[in-house]
Amino acid sequence: MSYLVYEEKQWNYPVFGILLIAIFGISMMLRERSPAVWLGPSIMSAVALCFANLTTTLTADHLSWHFMLIRLPGWRIALRDIASAEVSQSGCLEGWGIRRTRSGMLYNVSGTGAIRLYLKNGKTLRLGTRDPQRWMAYLQPRLADLQRLPS
């Protein structure tokens, strides 16, 4: 049975401000009644809303993360597949969202704090977080326990 160890929700509040402006603009455009005028901004607002929140969850046996409430897209990694982890930073130029960077995939919605995961298959990824040290305090003991177990 996999029990919840730690969970963090990372919000991008500026996106909500932009969405309010977009919704106001869309409501003004609806006066035109032409779908060509309001459909594009409506779709862009819906996509932005889907990536305004990143939830990262650590359970006894896996680490998972997903964007917004619909949980899609979402990812999951078994803790036994993680070789090591460390506190990391994402650069300002790397941006937010789902990014392929020189040092592997980056999943982030705000700020520059992150944890870097080195996977046993050779891949590297970073997960954005407001408090990387707290994440490491929960994650490191579980990874150390798994390394002590016989393969």
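Salt bridges are the topic here, and a search of the whole structure, which is a predicted model, finds 3 of them. Side chains of opposite charge can pair when their charged atoms come close.

One of these pairs joins Glu8 and Arg130, whose side chains meet with a distance of 3.8 Å from N to O. The two residues are 122 residues apart, and the bridge links distant parts of the chain, with Glu8 in strand S1 (residues 4–11) and Arg130 in the loop between strand S9 (124–128) and helix H3 (132–148). Is Glu8 buried or exposed? Glu8 has a relative accessible area of 3%, and it counts as buried because that value is under 20%.

Another salt bridge is formed by Arg116 with Glu86, and here the closest N and O atoms are 3.3 Å apart. This pair, too, links distant parts of the chain, for Arg116 belongs to strand S8 (residues 113–119) and Glu86 to strand S5 (residues 82–89), 30 residues apart. Arg116 is buried at 14% relative accessibility, whereas Glu86, with a relative accessible area of 33%, is partly exposed.

The remaining pair to look for is Asp131 with Arg134, whose side chains meet in a salt bridge at 3.8 Å, again taken from N to O. How accessible are these two residues? Asp131 is partly exposed at 27% relative accessibility, and Arg134, at 43%, also counts as partly exposed.

Key: Residues are numbered from 1 along each chain as its sequence is written. This is a predicted model: local features need pLDDT of at least 70, side-chain atom pairs count only at pLDDT 80 or more; totals for chains, interfaces and linings use all residues. Side-chain values use heavy atoms; hydrogens and water are left out. A salt bridge is a side-chain nitrogen of Lys or Arg within 4 Å of a carboxyl oxygen of Asp or Glu. Helices (H or I, at least four residues) and strands (E, at least two) are DSSP runs, numbered from the N terminus. Buried means under 20% relative accessible area, exposed over 50%, partly exposed in between (1.4 Å probe, protein chains only).
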